[in-house]
Each structure stands twice: as structure tokens, then as C-alpha cells.
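Dear colleague,

The findings follow it, arranged by topic.

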Amino acid sequence: MIIEDQKDVTTAVLSELQRAGDARFKEIMSALVRHLHDFVREVKLTEEEFHAAAAHIIALGKHSNETHNEAVLMAGSLGLSALVCLLNNGGRGATETDQNMLGPFWRMHSPVTPNGGSIVRSPTPGPALFVDASFRDADGKPIAGAEVDVWHSSPEGFYENQDPVQADMNLRGKFFTDADGHISFRSVKPAGYPIPIDGPTGDLIRAQGRHNMRPAHLHFLASKDGFKTLISQVYVQDDKFLDTDVQFGVTRHLIGNYVRHDNEAAPAPGVEGPWYSLAHDFVMERGSTKLPRPPITGKARGERPKIPHLA
Ligand SMILES: [Fe+2]
């Protein structure tokens with residue numbers, strides 16, 4: 001159609017979308033166009049601001065590579081990842097859920113590790129942590145034979161893929177639940193960490209006057225035929241960034257109980273000083289098993305990065 005005024009642009013784009021053969025595509029794109037056009041009208045977006053927005057989108061791509069996913073980082077910092085997670089789980093946001101964001105650091109092919117084994121694969125200073133996690137269905141029945149990926153940051157605040165100092169796949173492991181639905185492993189207590197701020201996500205956070213820290217957590221990804229893949233994080237209860245997570249990921253249901261032990265014998269030899277334990281129970285919902293697309297595929301080389309902490 002010939003555009004007579006600004007309102008006609010929206011009408012024209014929406015009418016072209018009627019050609020789309022895929023109903024879901026048509027629904028999503030029509031809503032996107034309506035909201036996007038209304039957003040431009042509401043804020044009276046200037047031409048300079050429009051060009052700046054395009055540059056930010058280009059920067060998302062330019063700052064992404066096999067070891068870093070800026071798009072996922074940005075989605076988290078806008079609360080989009082948390083919103084999508086909570087809207088799609090726990091009765092579509094009605095009840096508590098063990099589901100949480102995948103985040104940008106999951107890698108496929110973590111080393112298969114026997115229950116009770118360690119995921120510390122290169123010298124990693126920090127207090128020992130012993131984890132026992134159970135996986136059950138909604139009726140409380142143990143889920144045996146589920147495949148569970150675990151990954152977390154080092155006590156220095158780096159995932160191994162970011163940090164050439166750590167061995168490949170350090171602090172990552174793949175476990176299988178036993179007949180009682182449990183996995184167990186040894187690691188080191190994770191620390192909170194700063195998200196990278198050298199890209200457009202950093203620009204956003206600085207402009208908002210926020211800090212760039214995530215509270216300490218462990219990541220879990222559990223899959224078993226007949227169940228919806230469980231993607232979860234269990235947060236450390238006394239982390240000072242618990243209620244200001246830069247990625248808006250902390251739900252009350254997923255605050256763990258990391259217990260400090262000062263004077264008790266550890267469950268494995270070679271532990272000096274205080275150590276920690278975490279026991280956590282997960283519920284998996286019935287559904288179709290599908291692994292997410294891995295946000296990264298490789299490991300950084302060269303120097304350990306210096307990621308500033310914003311106050
Ligand atoms: Fe994380």
C-alpha cells in the first residue's frame with residue numbers, strides 16, 4: 001500500500017504478515033510489530049536513537065563468539081530470560097518451579113563422572129564442597145538413570161571456558177542418577193562473579209548505575225526420557241548479591257542451604273579447614289526431553305580475562 005501517514009506503516013506491515021504460512025510465526029511477528037511500532041510512538045524515538053539501537057544490535061553479534069554469548073547475557077540483564085523461564089514452567093508461572101535460566105556458560109559433552117567423584121580437574125583453590133542432589137517426579141518417585149550436567153564458576157569467579165588457567169571442563173561434570181534418584185559429587189564452593197561488561201550489556205548496566213555481579217550458584221541440567229529437561233541453578237543463601245542479581249535469576253524456591261562445617265570430618269580425605277555441604281531435591285515435570293542449544297562451544301585461550309566489578 002502507499003503510505004499516507006505514520007499509522008499506515010503499521011497497517012502495511014501487519015497486512016503483509018497475513019501472507020505468512022506458519023500460524024505461530026504470524027502470531028509472534030504481528031505482536032512484535034505492533035509492540036515495536038507502539039514503543040517507537042510512545043518514546044518518540046529520534047533518528048539518532050534509532051541508529052544507536054541498530055549499533056547496539058550489531059555489537060551483540062560482534063561481541064559473541066564460541067566462548068562468549070553476548071545475546072544471552074543481554075537477555076538476562078533485561079530480565080527476559082527469567083521471564084521466559086517463569087512463564088513456561090510451574091503451571092505457567094502459577095506455582096513454584098525448580099526451573100531457572102540456562103545462562104551463557106553451559107557446554108555440551110561434560111566429562112562423565114561417577115557419583116561421589118570430583119569435578120575439580122585442575123588446581124582450584126577454595127573450600128571443598130560436597131553435593132548430594134535428588135531428582136523426583138511430581139509424585140515424589142525417584143527418577144533413576146537421569147543424565148545430569150553440573151557446572152559452576154571457580155571461587156575466583158570464572159567459568160573454565162573464560163579462564164585459560166583452568167583445565168578444559170574444570171568444574172563441569174556429567175552424572176547419572178542412581179536407583180534412588182541421587183547424584184553426588186565433590187567440588188569447591190562457587191563464588192559470585194562479575195558478568196563481562198566490555199560489550200553492549202556493559203553499556204546498559206553502566207547507564208543504569210547497576211553492579212554487574214551474579215550471586216554464587218551451581219548450575220544443573222537434568223534430562224530423562226518422558227520428562228521436561230530440567231534447567232536449574234541453586235543459589236548460595238548468604239551471598240550479598242542475592243537480591244540484586246544482575247541477571248534477575250534468584251527465585252526464593254532456588255535459594256539453597258550450603259552448610260558450613262568447621263569441626264567435622266569431611267566425607268573424603270585431603271580436606272583441610274572448613275568445608276561445605278549442599279543437599280538439594282529437584283522435581284522434574286512430565287514432558288518432552290529436549291536439550292537446549294549450547295550458548296557456547298569452546299574455551300578461551302591466552303591470558304585470564306580481567307573483568308571489572310562495578311560498584
Ligand atoms: Fe552461572
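**Salt bridges**

At 3% relative accessibility, R214 counts as buried. The model is a predicted one, and in it R214 forms a salt bridge with D245, with 2.6 Å between the closest N and O atoms. This pair links distant parts of the chain: R214 belongs to strand β6 (residues 213-214), whereas D245 sits in the loop between β8 and β9 (258-261), 31 residues apart. D245 also counts as buried, because its relative accessibility is 5%, and the cut-off for that class is under 20%.

A search of the whole structure finds 14 salt bridges. One of them joins R286 to D137, the closest N and O atoms being 3.9 Å apart. Here too distant parts of the chain are linked, since R286 lies in the segment after β10 and D137 in the loop between β1 and β2, 149 residues apart. R286 is exposed, at 59% relative accessibility, while D137 is buried, with a relative accessible area of 8%.

E16 and R19 form another salt bridge, with the closest N and O atoms 2.8 Å apart. E16 counts as partly exposed at 42% relative accessibility; R19 is exposed, with a relative accessible area of 65%.

**Iron site**

Four protein donors surround the iron ion at 1.9 to 2.2 Å: Y159 (OH), Y193 (OH), H217 (NE2) and H219 (NE2). Along the chain they follow the spacing Y-x33-Y-x23-H-x1-H.

**Nonpolar cores and surface patch**

The largest nonpolar core has 25 residues, of which F135, V150, I183, F185, L218 and F220 touch the most other members. At least two residues of this core come from each of β1 (128-136), β2 (147-152), β4 (182-188), β7, β8 (230-235) and β10 (275-283). The most is given by β1, with four residues. A second, separate core of 14 residues includes L102, F105, I195 and I205.

On the surface, L32, L36, F39, V40 and V43 form a nonpolar patch with about 410 Å² of accessible area together. L36 lies in helix α2 (residues 23-43) and counts as partly exposed, at 46% relative accessibility.

With kind regards

Key
Residues are numbered from 1 along each chain as its sequence is written. This is a predicted model: local features need pLDDT of at least 70, side-chain atom pairs count only at pLDDT 80 or more; totals for chains, interfaces and linings use all residues. Side-chain values use heavy atoms; hydrogens and water are left out. Donors are N, O and S atoms within 2.8 Å of the metal (3.2 Å for Na, K and Ca); water is not among the atoms, so sites may look incomplete. Patches are made of residues with over 30% relative accessible area and no salt bridge: like charges are joined within 9 Å, nonpolar side chains (Val, Leu, Ile, Met, Phe, Trp, Tyr) within 5 Å. Accessible areas come from the Shrake-Rupley method with a 1.4 Å probe; for residues, only the protein chains shown count as cover. A salt bridge is a side-chain nitrogen of Lys or Arg within 4 Å of a carboxyl oxygen of Asp or Glu. Buried means under 20% relative accessible area, exposed over 50%, partly exposed in between (1.4 Å probe, protein chains only). A nonpolar core is a set of buried Ala, Val, Leu, Ile, Met, Phe, Trp, Tyr and Cys residues joined through side-chain atoms within 4.5 Å.
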